[in-house]
There are 2 protein chains.
Amino acid sequence: MFKKICIIGLGLIGSSIAHAARRAHPAMTVTGYDASADIRTRAAALGVFSAIPDAIGEAVSGADLIILCVPVGAMGEVAAQIAPHCQSGAVVSDVGSVKKSVIEAVQPHLPKDVIFIPAHPIAGTEHSGPEAGFADLFTGRWCILTPLEGTDAVVTEALKSLWQSFGSIVEFMSPKYHDRTLAITSHLPHLIAYTIVGTATELEKDIQAEVIKFSAGGFRDFTRIAASDPTMWRDIFLNNQEAVLDILQRFNEDLTALQKAIRQGKGEELFDFFTKTREVRRRIIEAKQA
Amino acid sequence: MFKKICIIGLGLIGSSIAHAARRAHPAMTVTGYDASADIRTRAAALGVFSAIPDAIGEAVSGADLIILCVPVGAMGEVAAQIAPHCQSGAVVSDVGSVKKSVIEAVQPHLPKDVIFIPAHPIAGTEHSGPEAGFADLFTGRWCILTPLEGTDAVVTEALKSLWQSFGSIVEFMSPKYHDRTLAITSHLPHLIAYTIVGTATELEKDIQAEVIKFSAGGFRDFTRIAASDPTMWRDIFLNNQEAVLDILQRFNEDLTALQKAIRQGKGEELFDFFTKTREVRRRIIEAKQA
């Protein structure tokens, strides 16, 4: 369906899309652009892009699909930059972890004859940069599309097919519902992981060494999450503020209750809470998400 | 050094010790006991125990090493039960995740001619019960010994050698320092994971299904930790109250600061915090603990 795609932002996700597109569609033209000259050079060295010009307009020109793979906070500015270069009927999509604010930032900049279909592949690693990308990043992973009302179903199906060709399982959702779901499944866990690892960095030097040494007891799993890209996550929290703060408040209430139960030595309360959480793990295993 | 060892408590850790001992020391007698008749039957079916009698005294009798593998809160009671049956010069050890309270609970019950050496293998899975045990659970994992002052070095070395024969790397530490280190590396991460998964279970039914479905975004990692044995973790929090509440307070301060930064849209503050946590991951990878 798409003969020439253009990827703006050549980090982990952008370069992984190029790898996946190159593998699934050898005849497809895949151009790329990144604001950083260093990243452009490094991405070109991967050998998966057809061209990575120094001007964004040149990369966008003639593309029937442009995918914005920049941090959520940069989406609006990039949309403004590509707008004059988009051909009539071109599809613009993105990979942002927040959908409502990205739509608000991108949509006003795009010409009326360009079709914007927001998307979010739920895939990633703790590594960043073009070299971190690989063709299998999306294999077996969800990709959520949040098309706006009145979007041509044929075009939506074309984007769905593209993600399926990368190995993704595609799901449709409203932007608001997406943001609320992701606040719980991804944004809050990342915030908590960043916090706990940050707390450890402020301990006295001697015990910090022990924390590194004995991290296998649970802490280690949090450090992997807390090694994710700082710019990306700053933007996610700033752009999904409402949903994140709402779920964070619920979390705080539960944590305060557990803190009180520990302080007051209420074993039964702790036991009941810890039993109920086991059930969630069982359901995740049943849903084959483990 | 040890010809007959007796394991009290035949869950994940107890049965893994039996598997490891059977593999490393085929000639060793390994008896077992569990307060539950059902667990005794299931553990006997594993075929790794020399005997699992119905009376605790019979299991302990003639053993030169008795390892208590029961929840931290049951250690004192079990010590009282085994005390009359311990032979002179026998070594008693444990596997509890808290050391100070276990020493206080166990030591007073033991006869003067019995040597208590507290231990904590930092190993486990989210699975419980005798069937969850396996010989390699301790391979390449730390085992911390916290011997009391005046303990015969020869005996301590013997216990160290035994854990090394199971594949563990042995480290010595004071009980108090152990409890503080583990509060950070293991107890707080578990408390946080239990909380976040608990928070999700109280959401409306429809979004709960989405949380399960899209758990791969970070939430899933927490559910694994939050599926750990509820009795074991209840006891850990009740018995390491002081260190856990102290680190929890620091965590709460950091979380409140991040919450405020999100609410006030302070991007630079978030970015700086998320950058600092990356460094911890790098150090864990350098220490080969990743």
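**View 1. The right-handed crossing of α7(A) and α11(B)**. In this predicted model, in which local features need pLDDT of at least 70, side-chain atom pairs count only at pLDDT 80 or more, and totals for chains, interfaces and linings use all residues, helix α7 of chain A and helix α11 (residues 241-263) of chain B have axes that come within 9 Å and cross at roughly 125°. Residues are numbered from 1 along each chain as its sequence is written, while chains are lettered from A and ligands numbered from 1 in the order in which they are written. Axes are lines fitted to C-alpha atoms, for helices over the stretch in contact, and angles run from 0 to 180 degrees between N-to-C directions; a crossing is left-handed if the near helix is turned anticlockwise from the far one by less than a right angle, and right-handed if clockwise. The two helices are therefore oblique to each other, a term for what remains once angles under 35 degrees are counted as roughly parallel, over 145 as roughly antiparallel and 65 to 115 as roughly perpendicular. L191(A), T195(A), I196(A), G198(A) and T199(A) of α7(A) make the contact with R250(B), F251(B), D254(B), L255(B) and L258(B) of α11(B), where contact requires C-beta atoms, placed from the backbone, to lie within 7 Å. These residues divide into 5 nonpolar, 3 polar and 2 charged; Ala, Val, Leu, Ile, Met, Phe, Trp, Tyr, Cys and Pro count as nonpolar, Asp, Glu, Lys and Arg as charged, and the others, Gly among them, as polar.

**View 2. The packing of α11(A) with α7(B)**. The axes of α11(A) and helix α7 (residues 175-201) of chain B come within 9 Å and cross at roughly 125°, which makes α11(A) oblique to α7(B). This crossing of α11(A) and α7(B) is right-handed. On the side of α11(A) stand R250(A), F251(A), D254(A), L255(A) and L258(A), which meet L191(B), T195(B), I196(B), G198(B) and T199(B) in α7(B); by class, the residues of this contact are 5 nonpolar, 3 polar and 2 charged.

**View 3. The contact of α12(A) with α10(B)**. Helix α12 (residues 267-286) of chain A and helix α10 (residues 230-239) of chain B have axes that come within 9 Å and cross at roughly 140°, and the two are therefore oblique to each other. The crossing in which α12(A) passes α10(B) is right-handed. From α12(A) the contact draws on G267(A), L270(A), F271(A), F274(A) and T275(A), and from α10(B) on P230(B), T231(B), W233(B), R234(B), F237(B) and L238(B); of these residues, 7 are nonpolar, 3 polar and 1 charged.

**View 4. The side of chain A that touches chain B**. Across the interface, 78 residues of chain A are in contact with 78 residues of chain B. Helices α7 (175-201), α8 (205-213), α9 (219-225), α10 (230-239), α11 (241-263) and α12 of chain A each supply at least two residues of this side, and the largest share, 19 residues, comes from α7(A). The side of chain A has 42 nonpolar, 20 polar and 16 charged residues.

**View 5. The two domains of chain A**. Chain A has 12 helices and 8 strands, these being DSSP runs numbered from the N terminus (helices H or I, at least four residues; strands E, at least two). An automatic or database domain assignment gives domain 1 (4-173) and domain 2 (177-286). The centres of domain 1 and domain 2 of chain A, taken over C-alpha atoms, are separated by 31 Å, and their contact takes 14 residues from domain 1 and 16 residues from domain 2. The side of domain 1 that touches domain 2 divides into 5 nonpolar, 6 polar and 3 charged residues. Along its principal axes the C-alpha trace of chain A spans about 65 × 45 × 35 Å.

Terms used. Two residues are in contact if their C-beta atoms, placed from the backbone, lie within 7 Å.
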